Amino acid sequence: MSVRLQLIEPETGGDKADAPKVKLRIAVATQDMKSMNAHFGSALRFAVWDVTPTDAQFVEAVGFDDVSDESGAHQTDVDDRIGPKVDALAGCNLLFVLAIGGPAAAKVVRAQIHPVKLSAPETIASVVARVQAMMVGNPPPWLRKVMGVRTRSMDFLDEED
(Lines give C-alpha, C1' and ligand atoms only; values in the text may rest on other atoms or scores of the structure.)
Protein backbone atom coordinates (compact mmCIF):
# COMPACT_ATOMS: atom_id res chain seq x y z
CA MET A 1 0.00 0.00 0.00
CA SER A 2 1.30 3.45 -0.85
CA VAL A 3 0.67 6.82 0.72
CA ARG A 4 0.99 10.05 -1.28
CA LEU A 5 1.69 13.47 0.19
CA GLN A 6 1.40 16.15 -2.47
CA LEU A 7 2.29 19.82 -2.53
CA ILE A 8 -0.51 21.81 -4.16
CA GLU A 9 0.36 25.25 -5.45
CA PRO A 10 -2.34 27.87 -6.00
CA GLU A 11 -3.00 28.92 -9.60
CA THR A 12 -1.00 32.04 -10.32
CA GLY A 13 -2.56 32.94 -13.65
CA GLY A 14 0.87 34.14 -14.76
CA ASP A 15 2.14 34.18 -18.32
CA LYS A 16 3.27 30.69 -19.33
CA ALA A 17 5.64 32.18 -21.91
CA ASP A 18 8.13 32.82 -19.11
CA ALA A 19 8.09 29.16 -18.05
CA PRO A 20 11.16 27.07 -18.93
CA LYS A 21 10.57 24.80 -21.91
CA VAL A 22 12.34 21.72 -20.53
CA LYS A 23 11.19 20.20 -17.26
CA LEU A 24 12.05 16.79 -15.90
CA ARG A 25 10.17 15.00 -13.17
CA ILE A 26 12.63 13.02 -11.08
CA ALA A 27 12.06 10.47 -8.32
CA VAL A 28 14.66 9.82 -5.63
CA ALA A 29 14.66 6.59 -3.60
CA THR A 30 14.98 7.60 0.05
CA GLN A 31 14.58 6.30 3.56
CA ASP A 32 14.61 9.71 5.25
CA MET A 33 13.46 12.34 2.67
CA LYS A 34 16.89 13.99 2.98
CA SER A 35 19.16 11.76 0.89
CA MET A 36 19.15 9.38 -2.05
CA ASN A 37 20.00 6.42 0.14
CA ALA A 38 17.85 3.45 -0.82
CA HIS A 39 17.63 0.54 -3.19
CA PHE A 40 14.50 0.56 -5.37
CA GLY A 41 12.85 -2.40 -3.67
CA SER A 42 13.62 -1.34 -0.11
CA ALA A 43 12.85 2.37 -0.48
CA LEU A 44 10.34 3.47 2.11
CA ARG A 45 9.68 6.62 0.10
CA PHE A 46 10.28 8.34 -3.21
CA ALA A 47 10.76 12.09 -3.22
CA VAL A 48 9.39 13.47 -6.48
CA TRP A 49 10.71 16.77 -7.88
CA ASP A 50 10.12 18.86 -11.00
CA VAL A 51 13.50 20.10 -12.22
CA THR A 52 14.40 22.71 -14.84
CA PRO A 53 17.86 24.05 -15.60
CA THR A 54 17.23 27.00 -13.28
CA ASP A 55 14.61 25.85 -10.77
CA ALA A 56 13.47 22.83 -8.76
CA GLN A 57 10.16 22.23 -7.05
CA PHE A 58 9.26 19.45 -4.61
CA VAL A 59 6.09 17.80 -5.91
CA GLU A 60 5.25 14.90 -3.61
CA ALA A 61 6.43 12.10 -1.38
CA VAL A 62 5.21 8.59 -2.06
CA GLY A 63 5.55 6.16 0.84
CA PHE A 64 5.29 2.38 1.03
CA ASP A 65 4.51 0.00 3.89
CA ASP A 66 5.70 -3.20 2.23
CA VAL A 67 9.33 -3.11 1.07
CA SER A 68 12.02 -5.69 0.35
CA ASP A 69 14.96 -6.41 2.64
CA GLU A 70 17.83 -5.56 0.19
CA SER A 71 19.00 -9.18 0.27
CA GLY A 72 18.80 -9.43 -3.50
CA ALA A 73 16.70 -12.60 -3.24
CA HIS A 74 13.52 -12.64 -5.26
CA GLN A 75 10.35 -13.03 -3.27
CA THR A 76 8.53 -16.33 -3.72
CA ASP A 77 5.21 -15.08 -2.42
CA VAL A 78 2.56 -13.74 -4.76
CA ASP A 79 2.79 -10.18 -3.47
CA ASP A 80 4.01 -7.84 -6.20
CA ARG A 81 6.18 -5.17 -4.59
CA ILE A 82 7.57 -3.82 -7.86
CA GLY A 83 4.34 -3.06 -9.72
CA PRO A 84 2.85 -0.65 -7.16
CA LYS A 85 6.13 1.29 -6.95
CA VAL A 86 6.40 1.61 -10.71
CA ASP A 87 2.75 2.67 -10.90
CA ALA A 88 3.33 5.30 -8.20
CA LEU A 89 6.16 6.80 -10.27
CA ALA A 90 4.03 7.26 -13.40
CA GLY A 91 4.94 10.52 -15.09
CA CYS A 92 8.50 10.59 -13.78
CA ASN A 93 11.33 10.82 -16.30
CA LEU A 94 14.28 9.80 -14.11
CA LEU A 95 14.60 7.53 -11.06
CA PHE A 96 17.68 7.80 -8.81
CA VAL A 97 18.54 4.72 -6.72
CA LEU A 98 21.49 3.03 -5.04
CA ALA A 99 20.58 -0.25 -6.74
CA ILE A 100 17.80 -1.83 -8.76
CA GLY A 101 17.37 -5.44 -9.79
CA GLY A 102 16.95 -6.58 -13.38
CA PRO A 103 13.21 -7.34 -13.27
CA ALA A 104 12.47 -4.03 -11.51
CA ALA A 105 14.67 -2.09 -13.94
CA ALA A 106 12.86 -3.68 -16.88
CA LYS A 107 9.47 -2.63 -15.47
CA VAL A 108 10.74 0.90 -14.78
CA VAL A 109 12.09 1.24 -18.33
CA ARG A 110 8.82 -0.12 -19.79
CA ALA A 111 7.05 2.66 -17.87
CA GLN A 112 9.32 5.13 -19.75
CA ILE A 113 11.30 6.03 -16.64
CA HIS A 114 15.09 6.08 -16.96
CA PRO A 115 16.73 4.49 -13.88
CA VAL A 116 20.00 6.06 -12.70
CA LYS A 117 22.15 4.12 -10.23
CA LEU A 118 24.47 6.19 -8.08
CA SER A 119 27.40 4.48 -6.37
CA ALA A 120 26.96 6.13 -2.96
CA PRO A 121 24.27 7.98 -1.01
CA GLU A 122 24.05 11.73 -1.55
CA THR A 123 21.66 14.46 -0.53
CA ILE A 124 18.53 15.03 -2.57
CA ALA A 125 19.69 18.62 -3.08
CA SER A 126 22.90 17.39 -4.72
CA VAL A 127 20.93 14.98 -6.95
CA VAL A 128 18.74 17.89 -8.07
CA ALA A 129 21.82 20.07 -8.66
CA ARG A 130 23.42 17.23 -10.67
CA VAL A 131 20.34 16.99 -12.91
CA GLN A 132 20.29 20.77 -13.40
CA ALA A 133 23.97 20.80 -14.35
CA MET A 134 23.44 18.01 -16.88
CA MET A 135 20.45 19.82 -18.43
CA VAL A 136 22.55 22.87 -19.28
CA GLY A 137 24.83 22.96 -22.29
CA ASN A 138 25.42 19.59 -23.87
CA PRO A 139 23.50 16.89 -21.96
CA PRO A 140 24.59 13.28 -22.40
CA PRO A 141 22.70 11.39 -25.15
CA TRP A 142 20.53 9.41 -22.72
CA LEU A 143 19.40 12.63 -21.03
CA ARG A 144 18.71 14.37 -24.35
CA LYS A 145 16.42 11.47 -25.19
CA VAL A 146 14.60 11.74 -21.84
CA MET A 147 14.31 15.53 -22.29
CA GLY A 148 12.85 15.08 -25.77
CA VAL A 149 15.61 17.24 -27.24
CA ARG A 150 16.62 16.49 -30.80
CA THR A 151 20.08 15.13 -31.25
CA ARG A 152 22.71 17.56 -32.42
CA SER A 153 23.06 18.09 -36.12
CA MET A 154 26.02 16.44 -37.77
CA ASP A 155 26.04 18.95 -40.66
CA PHE A 156 29.60 19.94 -39.80
CA LEU A 157 30.76 16.53 -41.04
CA ASP A 158 29.83 17.51 -44.61
CA GLU A 159 31.91 20.67 -44.60
CA GLU A 160 35.21 20.82 -46.44
CA ASP A 161 38.33 21.60 -44.40
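Author: Partly exposed here means a relative accessible area between the buried limit of under 20% and the exposed limit of over 50%. This is a predicted model.

Reader: Fine. Where does Arg25 fall, buried, exposed or in between?

Author: Arg25 has 26% relative accessibility, so it counts as partly exposed.

Reader: What does Arg25 form a salt bridge with?

Author: Its partner is Asp50, and the closest N and O atoms are 2.6 Å apart. Arg25 sits in strand β2 and Asp50 in strand β4, so the pair ties together parts 25 residues apart in sequence.

Reader: And Asp50, buried or exposed?

Author: Asp50 is buried, because its relative accessible area is 12%, which falls under 20%.

Reader: Which residues are linked with Asp50 in a network of salt bridges?

Author: Lys23 and Arg25 are linked with Asp50 in that network. For Lys23 and Asp50, the closest N and O atoms are 3.7 Å apart. That pair also links distant parts of the chain, with Lys23 in the loop between β1 (2–6) and β2, and Asp50 27 residues away in strand β4.

Reader: How many salt bridges are there in the whole structure?

Author: A search of the whole structure gives three. One of them joins Glu122 to Arg130, with the closest N and O atoms 2.8 Å apart.

Reader: How exposed are Glu122 and Arg130?

Author: Glu122 is buried, at a relative accessible area of 18%. Arg130 is partly exposed, at 35%.

Reader: Changing topic to the nonpolar side. Which residues touch the most other members in the largest core?

Author: They are Phe40, Phe46, Leu89, Leu95, Ile100 and Val108, in a core of 21 residues. At least two residues of this core come from each of β2, β4 (45–51), β5 (56–64), α1 (82–88), β6 (94–97) and α2. Apart from it there is another core, of 18 residues, including Ile26, Ala47, Phe96 and Leu143.

Reader: Where is Pro115, and what does Pro115 touch?

Author: Pro115 is in strand β7. Not counting residues up to four places away in sequence, Pro115 touches Leu95, Val108 and Val109. The C-alpha atoms of Pro115 and Ala105 are separated by 6.9 Å, and the two residues are ten apart along the chain.

Reader: Where is Met33, and how accessible is Met33?

Author: Met33 lies in the loop between β2 (24–30) and β3 (35–36). Its relative accessibility is 29%, so Met33 counts as partly exposed.

Reader: What about phi at Gln112?

Author: Gln112 is not a glycine either, and its phi is positive, at about 65 degrees. Gln112 is placed in the loop between α2 (102–110) and β7 (114–117).

Reader: Is Gln112 buried or exposed?

Author: Gln112 is exposed, because its relative accessible area is 69%, which is over 50%.

Methods. Residues are numbered from 1 along each chain as its sequence is written. This is a predicted model: local features need pLDDT of at least 70, side-chain atom pairs count only at pLDDT 80 or more; totals for chains, interfaces and linings use all residues. Side-chain values use heavy atoms; hydrogens and water are left out. Helices (H or I, at least four residues) and strands (E, at least two) are DSSP runs, numbered from the N terminus. Buried means under 20% relative accessible area, exposed over 50%, partly exposed in between (1.4 Å probe, protein chains only). A nonpolar core is a set of buried Ala, Val, Leu, Ile, Met, Phe, Trp, Tyr and Cys residues joined through side-chain atoms within 4.5 Å. A salt bridge is a side-chain nitrogen of Lys or Arg within 4 Å of a carboxyl oxygen of Asp or Glu. Contact means heavy atoms within 4.5 Å.
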